[in-house]
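This report is meant for a reader who has not seen this structure before. Please look over the sequence and the model before reading on.

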Amino acid sequence: MIESGSFPGSTSVQADHSSVGPVPMQRDAVVIAEKKRRSPLRRLVLVLLLGTLAAVPTSAVLLAVAPGLMTWTAPVLCDAEHADAFAVSDQYNVQPGETSWTFELNCINDRGEADIVGFFPPMLVVSAVLLAALAAVSLLSSLIGWARRD
């Protein structure tokens, strides 16, 4: 419907949108609100990806600061014959004024023979434990938050 405006020579248009449906901006707002609501599985995948990037360096630092933590991984990494586990740290003087440290897990049997596991496998086990704990806490908090919204 076209009506004459309040100024001479001007017109204004009024449209009737009752048959068109909801305004597009309202529909977009509903879609955005639905996208903000993430499922627990999606959050878990995000935590696993980002947590992996954080867990590996964190476990490396933990094992370097407290090498005794490596002995906790012995039930996973040492076989039944080599039941006793020891965290061994060695100090080397590479050059004058420069010191290098190495850490490794050694599994020892009854005869004193050592099975050297090294540093990397215990670090991966500690990383997996850290990542599992982070994922469990994240999934639990996500489920609690998701249940409260419903």
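How many bridges join strand 3 to strand 4? In this predicted model, strand 3 (residues 84-95) and strand 4 (residues 98-108) are joined by 11 bridges, and the two strands run antiparallel. Glutamine 95 has glutamate 98 in strand 4 standing opposite. The hairpin of strand 3 and strand 4 has 2 residues between the strands, and in this hairpin glycine 97 takes a positive phi near 90°.

Strand 4 also pairs with strand 5 (residues 114-118), again in the antiparallel sense, over 4 bridges. Isoleucine 108 stands opposite alanine 114 in strand 5, while leucine 105 has glycine 118 of strand 5 as its bridge partner. In the hairpin of strand 4 and strand 5 there are 5 residues between the strands, and glycine 112 has a positive phi near 90°. As a general point, the side chains of a regular strand alternate between the two faces of the sheet.

| Hairpin | Residues between the strands | Glycine with positive phi |
|---|---|---|
| Strand 3 and strand 4 | 2 residues | Glycine 97, near 90° |
| Strand 4 and strand 5 | 5 residues | Glycine 112, near 90° |

**The chain as a whole**

The chain has 4 helices and 5 strands. Read from the N terminus on, the order of the elements is β-β-α-α-α-β-β-β-α. Of the 150 residues in the chain, 21% are buried.

**The disulfide**

The count of disulfides comes to 1. This disulfide is formed by cysteine 78 and cysteine 107, with their sulfur atoms 1.7 Å apart. Cysteine 78 lies in the loop between helix 3 (74-77) and strand 3, and cysteine 107 lies in strand 4, so the pair ties together parts that are 29 residues apart in sequence. Why is the disulfide of cysteine 78 and cysteine 107 called left-handed? The torsion about the S-S bond is about -60°, and therefore the disulfide is left-handed. Cysteine 78 is buried because its relative accessible area is 12%, under the 20% cut-off. Cysteine 107 is buried as well, with a relative accessible area of 0%.

Which residues form a nonpolar patch on the surface? The patch consists of Leu41, Val45, Leu46, Leu49, Leu50 and Leu53, and together these residues have about 630 Å² of accessible area. Leucine 41 belongs to helix 2 (residues 40-65). Leucine 41 is exposed because its relative accessible area is 60%, over the 50% cut-off.

Helix 4 (residues 120-149) has 30 residues. From its first C-alpha to its last, helix 4 reaches 43 Å, close to the 44 Å expected at 1.5 Å a residue. Which residues of helix 4 are buried? They are Pro122, Met123, Val125, Val126, Ser127, Leu131, Ala135, Ser138 and Ser142.

Note on methods: Residues are numbered from 1 along each chain as its sequence is written. This is a predicted model: local features need pLDDT of at least 70, side-chain atom pairs count only at pLDDT 80 or more; totals for chains, interfaces and linings use all residues. Side-chain values use heavy atoms; hydrogens and water are left out. The expected span of a helix is 1.5 Å times one less than its number of residues. Buried means under 20% relative accessible area, exposed over 50%, partly exposed in between (1.4 Å probe, protein chains only). Two strands pair if DSSP finds at least two bridges between them. A disulfide is a pair of cysteine sulfur atoms within 2.5 Å. Patches are made of residues with over 30% relative accessible area and no salt bridge: like charges are joined within 9 Å, nonpolar side chains (Val, Leu, Ile, Met, Phe, Trp, Tyr) within 5 Å. Accessible areas come from the Shrake-Rupley method with a 1.4 Å probe; for residues, only the protein chains shown count as cover. A salt bridge is a side-chain nitrogen of Lys or Arg within 4 Å of a carboxyl oxygen of Asp or Glu.
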